[in-house]
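These entries record a look at the charged side-chain pairs. I wished to know which partners meet and where they lie.

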Amino acid sequence: MKKIILSVLVTLLYFNSFCQKDYIPDASNLKARQWFEDAKFGMFIHWGVYSILGDGEWVMQHQNITVENYEKLPAFFNPLKFNAKEWVKIAKDAGMKYITITSRHHDGFSMFDSKATEYSIVKSTPYKKDILKELAAECKKENIKLFFYYSLLDWNRDDYFPRGRTGNGIKGRKEGNWMNYINFMKAQLTELLTNYGEIGGIWFDGDWDKKTANWHYDEIYKLIHDLQPQCLIGNNHHEAVKKGEDFQMFEKDLPGKATQRFASKAEDIGTLPKEVCETINGSWGFNLQDNRHKSKRELIQYLISASGYGSNLLLNVGPMPNGEIQPKHIQSLREIGNWLNTNGETIYGTKAGSISPSKDMVSTQKGKTLYLHSLNKNNQTIFIPDFKENISVVKLFRTKEKLKFKKDSYGLLLKIPDHALDDIDTIIEITLK
Ligand code: GLC
């Protein structure tokens, strides 16, 4: 009898270790999802030894830098101007509620203290400090949630083998053992979820490098949720969400827009909280020659549009090798923050509104209040076909001035007065019955 009980127990334990398939988020996770959906705006940070070269985070592959030569970079990484307090303040002033930072990118370099490798900011740079520790402490103090980006793809470790689609021009990559690589990732993720307090989420990237690999997600996701059940898992695999994930991400695209070659298919859009990520200029990691800064109007409208699609916006900065965020990025963030100071009520805590989003108009909604965001100043007359809900009052959001409207079986018709037309966003507040 004892034997039977024991073997049942062992079998249960065995299956349990593979059972993120049966993942049911616990109460803390559901709460974190709700928080995430309400938060709407986060800061993405791409920072690593690649920043020194000022040519983006893919520089190792783009310039085919040999492993041996790339490994010289950490010796030059001494970001004396890094100041966690300043970064968090910049994020907060922009109206951002969380920060997602690269803990390890495709170059395989760890920006935190890790016992699993010597190739880390603490062990192989003159700076020697664990920037994630400092950031975690400051975020906690300022009530900003911290998420870690973690690359599945690795151009440095021999154990990332067989190799994937990218990095094959990099000389010096050797052969190794895949299971060792999986165990290495588990060891690092355990560190990330043990040594930095409560973590908002893990943001995986690089799945697309080896579409048929066994990434052991069942075990990895379970490990994360066992260590921190509230930790939200997202994976930039550009596919429908997999069991065990807590939010869905869209790279450089509004959900369903699919303008990028790697975009998720419209049918893959699920019901989990959503997050769109985008850059302020054209690069993730610091790029000295990138002058494609988006305008204030473009950036603010992208945040509004993301909200209209029921999604967060994770907006990227690529800090410079000295540890400072680029002044132009700081300026853009301040402008967004100023806009949110006045208009944040129509963004934070909202859901996608009932009016379907388009390029010129999106809507957000909070209970009985529907916010119509008109993003094209030339559209003074607004017509929303098939508007079914009953309206009690229509106002300009900023001045609360009442607007006349006409609603019949064809739809809702209203006219924005001249003085209210705004180049970025004219917000109309519709109270429903
Ligand atoms: C892509 C890029 C990567 C970047 C990420 C951010 O996956 O490969 O460098 O970190 O997008 O969304």
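I counted a salt bridge wherever a side-chain nitrogen of Lys or Arg lies within 4 Å of a carboxyl oxygen of Asp or Glu. The model is predicted, and I took local features only at pLDDT of at least 70 and side-chain atom pairs only at pLDDT 80 or more, while totals for chains, interfaces and linings use all residues. Residues are numbered from 1 along each chain as its sequence is written, and side-chain values use heavy atoms, with hydrogens and water left out.

Entry on K89 and D93. I found these side chains joined in a salt bridge, N to O at 2.7 Å. Both belong to helix α5 (residues 84-93), and their spacing of four residues amounts to about one helical turn. Helices here are DSSP runs of H or I with at least four residues, strands are runs of E with at least two, and both are numbered from the N terminus. D93 is partly exposed at 42% relative accessible area; buried means under 20%, exposed over 50%, and partly exposed in between (1.4 Å probe, protein chains only).

Entry on D246 and R33. I noted a salt bridge whose closest N and O atoms are 2.8 Å apart. Because D246 sits in the loop between β5 (232-235) and β6 (248-251) and R33 in helix α2 (residues 27-39), the pair ties together parts 213 residues apart in sequence. Both residues, D246 and R33, are buried.

Entry on E239 and K242. I recorded a salt bridge of 2.8 Å, N to O. E239 is partly exposed at 28% relative accessible area, and K242 is partly exposed at 27%. Through shared partners, salt bridges link D207, K211, E239 and K242 in one network.
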